[in-house]
Amino acid sequence: MQKKILCVGAGFSGSIIARELADKINAQVDVIDIRDHIGGNCYTEVDKKTGITVHKYGPHIFHTNNIDTWNYINRFSEFKNFSLRVKAKTYKGIYSLPINLLTINQFFGKTFFTKDAEEFIKSQAVSGIQEPANFEEQALKFIGKELYEAFFYGYTKKQWGVEPKLLPASILKRLPVRFNYDDNYYYDLYSGMPSNGYTQIFENLLDHPNISIQLNTPFEKSMIKYYDHIFYSGKLDDFYNYKFGELSYRTVYWENQYDKGDFVGNCVLNFCEENIPYTRIIEHKYFEYWKNFEDTIISKEFSREAVRDELPFYPKRLPDDLKKLEKYQHLAYKEDKVTFVGRLGTYRYLDMNVVIEEAIEIAKRYCEGI
């Protein structure tokens with residue numbers, strides 16, 4: 001008997017699970033999304049005025065060390081090689097991120113080679129911090145006061161809306177310091193940008209006779225009885241009607257602006273100073289380096305606390321959140337017809353490659369279990 005499946009959300013989690021189940025077990029899959037488009041936060045659209053592909057919900061660069069993941073995503077789009085090189089504006093000037101040997105030499109006015117730079121940064125580190133208890137202590141132990149205050153204090157406070165000392169130390173572990181001149185943001189073996197934007201990937205993923213798509217369609221609990229299984233990528237606390245309180249998120253929003261020629265001259269420029277209200281400027285044309293554009297469109301990115309009905313982006317995962325999360329996870333574990341997937345369904349920050357790998361694995365387990 002043909003299985004009838006509902007995937008809530010047309011981002012990577014829902015779209016990949018839908019495609020895998022349609023392919024592997026001939027399931028009939030309905031995909032719904034509350035928004036008016038597929039692709040979730042990876043959605044891109046071509047700006048009519050400039051012809052530039054705009055990353056509507058912020059920049060996304062696909063990167064992975066897993067050849068299987070790379071091959072999988074390349075089934076649905078041609079990719080161009082792409083190296084993300086972020087610049088950061090501080091009170092002293094503009095520098096490359098991640099912090100690397102050039103950043104260190106320019107910032108401190110030095111001419112260090114690798115070993116001298118390593119010793120110098122060690123001398124900058126705040127001593128006496130054995131096990132960092134928070135983001136600020138992690139940074140002070142990692143890079144010292146000057147680099148922390150220039151590159152991370154103001155940016156982090158704007159991004160998360162709290163003093164960095166109230167954030168977990170684990171957030172900073174994703175930000176490396178390099179003692180060479182490599183300013184590629186990612187170390188992964190494979191890094192690329194879809195030639196025709198991300199939306200085409202989702203169009204191809206969902207292009208299957210067994211898959212139907214309904215946009216502008218919110219999930220309702222009454223839908224469960226019509227399906228053999230539900231894969232839910234919405235907010236975990238929303239599914240349970242906020243029974244244990246709301247999990248906290250940050251949301252981001254953008255102010256777009258047109259200009260002649262170029263604007264900042266790079267795809268991403270971080271603004272690290274606390275007195276500048278936005279966290280970064282995104283210049284979209286630089287994600288399509290293989291094309292030429294006369295004009296440009298930029299997005300100034302702002303961060304604020306997400307309220308209940310706003311689109312959430314970054315799970316804060318503060319201690320109070322984790323206590324609530326444990327209670328919600330206990331309820332989720334007991335669901336026999338619902339599997340919670342993706343960033344919102346599991347309340348974790350996940351890179352695209354991880355979302356894709358988890359979605360493939362979840363679909364595989366479901367197929368093996370029926």
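Me: What should I know about the numbering and the model before starting?
Reply: Residues are numbered from 1 along each chain as its sequence is written, and side-chain values use heavy atoms, with hydrogens and water left out. The model is predicted, so to speak of local features needs pLDDT of at least 70, side-chain atom pairs count only at pLDDT 80 or more, and totals for chains, interfaces and linings use all residues.

Me: Let's start with sheets. Which strands form the open sheet of seven, and in what order?
Reply: Strands are DSSP runs of E with at least two residues, helices are runs of H or I with at least four, and both are numbered from the N terminus. Two strands pair if DSSP finds at least two bridges between them. Here the order is β8-β7-β13-β14-β15-β12-β16, with mixed pairing. β8 (93-97) and β16 (314-315) are the edge strands, each pairing on one side only.

Me: How many bridges hold β12 and β16 together?
Reply: Two bridges, in the antiparallel sense, with β12 covering residues 249-260. R250 stands opposite Y314 in β16.

Me: How do I read an aromatic pair?
Reply: A pair of aromatic rings is described by the distance of the centres and the angle of the planes. Rings of Phe, Tyr and Trp (its six-membered ring) pair if their centres lie within 6.5 Å; planes under 30 degrees apart count as stacked, over 60 as edge-to-face and the rest as tilted. This structure holds 37 such pairs. For W254 and F313, the centres are 5.8 Å apart and the planes stand at 75°, so this pair is edge-to-face. W254 is in β12 and F313 in the loop between β15 (295-305) and β16, so the pair ties together parts that are 59 residues apart in sequence.

Me: What is the order of the open sheet of three strands?
Reply: β5-β9-β6, with antiparallel pairing. Its edge strands, β5 (62-64) and β6 (79-81), each pair on one side only. Angles run from 0 to 180 degrees between N-to-C directions, using axes fitted to C-alpha atoms, for helices over the stretch in contact. The twist averages 35° from one strand to the next. Three bridges join β6 to β9, and F79 stands opposite P194 in β9.

Me: Which strands does helix α2 touch?
Reply: Contact means heavy atoms within 4.5 Å. Helix α2 (residues 67-74) packs on the sheet and touches β5, β6 and β9, its direction making about 150° with that of β5. Helix α7 (residues 198-205) also packs on the sheet, touching β5, β6 and β9, at about 90° to β9.

Me: What lines the largest cavity?
Reply: On a 1 Å grid over the protein atoms alone, a cavity is a set of points where a 1.4 Å probe fits but cannot get out, and lining residues have an atom within 4 Å of a point. A volume is the space filled by probe spheres set on the points, which are joined across faces, edges and corners. The largest cavity has about 50 Å³ of space. Its lining includes T53, H55, M193, P194 and Y198, and β4 (53-55) and β9 (190-194) each supply at least two lining residues.

Me: Where does the cis peptide bond lie?
Reply: The bond joins L97 and P98, with omega about -5°. P98 sits in the loop between β8 and α3 (101-108).

Definitions and conventions
1 Å grid on protein atoms, 1.4 Å probe; cavity = no way out; pocket = protein on both sides within 12 Å on 5 of 7 lines; lining within 4 Å.
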